[in-house]
Amino acid sequence: MKIEEVQSTTKSARVAAHSHVKGLGLDASGKAQPMAAGLVGQEVAREASGVVVELIQSRKMAGRAVLLAGPPGTGKTALALGIAQELGPKVPFCPMVGSEVFSSEIKKTEVLMENFRRAIGLRIKETKEVYEGEVTEMTPCESENPHGGYAKTIIHVIVSLKTTRQVRSS
């Protein structure tokens with residue numbers, strides 16, 4: 001008996017949660033069609049989003065934020081993506097998750113700045129020097145305690161490092 005692998009007939013392309021959304025699905029008069037542009041239902045919200053798009057395109061609301069609020073699963077992300085699609089390819093869509101902002105591992109301002117940078121396409125490269133070697137000496141530098149008293153406080157530590165090329169202190 002010969003065992004062979006059966007090839008799948010389905011596509012192996014990655015599909016995101018809202019990759020089907022191509023716009024808001026509005027007709028020329030701004031009325032929502034029941035099923036259009038990858039959206040179904042939420043006609044009133046889609047028409048309101050169309051008003052927002054018109055205001056942004058007419059520069060009456062440019063540079064301002066839009067807050068979409070509601071319970072989970074009501075289509076807020078799909079509407080936001082639809083607005084971005086209607087505004088054209090130069091408008092970025094950067095979804096944010098609340099748990100990402102309120103994480104204890106990273107500052108809120110850092111998360112917001114990273115999303116702003118992603119939205120405007122800004123890439124920041126940080127250069128770091130890494131020294132590899134053997135620590136030969138650690139010298140603490142002390143000063144008077146700023147809160148008073150007789151104890152001293154360590155303000156910084158000088159680390160001497162022996163590398164293959166040289167001995168370095170920083």
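A residue counts as exposed when its relative accessible area is over 50%, as buried when it is under 20%, and as partly exposed in between. Arg-59, at 70% relative accessibility, is therefore exposed. The model is predicted, and the chain averages a pLDDT of 78.

**Confidence**
- A pLDDT of at least 70 is reached by 85% of the residues.
- Mean confidence in the chain is highest in H1, at 88, and lowest in strand E5 (residues 167-169), at 65.

**Helix pair H1 and H2**
- The axes of H1 and H2 come within 10 Å, with a crossing angle of roughly 35°.
- The crossing of H1 past H2 is right-handed.
- On the H1 side the contact is made by Ala-45, Arg-46, Ser-49, Val-53, Ile-56 and Gln-57; on the H2 side it is made by Leu-79, Ile-83, Glu-86 and Leu-87.
- By residue class, this contact of H1 with H2 comprises six nonpolar, two polar and two charged residues.

- Gln-42 is not a glycine, yet its phi is positive, near 50°.
- The loop that holds Gln-42 runs between strand E2 (39-40) and helix H1 (43-57).
- Gln-42 counts as partly exposed because its relative accessibility is 40%.
- Arg-59, also not a glycine, has a positive phi of about 65°.
- Arg-59 sits in the loop between H1 and helix H2 (76-87).

Notes
Residues are numbered from 1 along each chain as its sequence is written. This is a predicted model: local features need pLDDT of at least 70, side-chain atom pairs count only at pLDDT 80 or more; totals for chains, interfaces and linings use all residues. Side-chain values use heavy atoms; hydrogens and water are left out. Helices (H or I, at least four residues) and strands (E, at least two) are DSSP runs, numbered from the N terminus. Buried means under 20% relative accessible area, exposed over 50%, partly exposed in between (1.4 Å probe, protein chains only). pLDDT is the predictor's confidence in each residue, from 0 to 100. Axes are lines fitted to C-alpha atoms, for helices over the stretch in contact, and angles run from 0 to 180 degrees between N-to-C directions. A crossing is left-handed if the near helix is turned anticlockwise from the far one by less than a right angle, and right-handed if clockwise. Contact means heavy atoms within 4.5 Å. Ala, Val, Leu, Ile, Met, Phe, Trp, Tyr, Cys and Pro count as nonpolar, Asp, Glu, Lys and Arg as charged, and the others, Gly among them, as polar.
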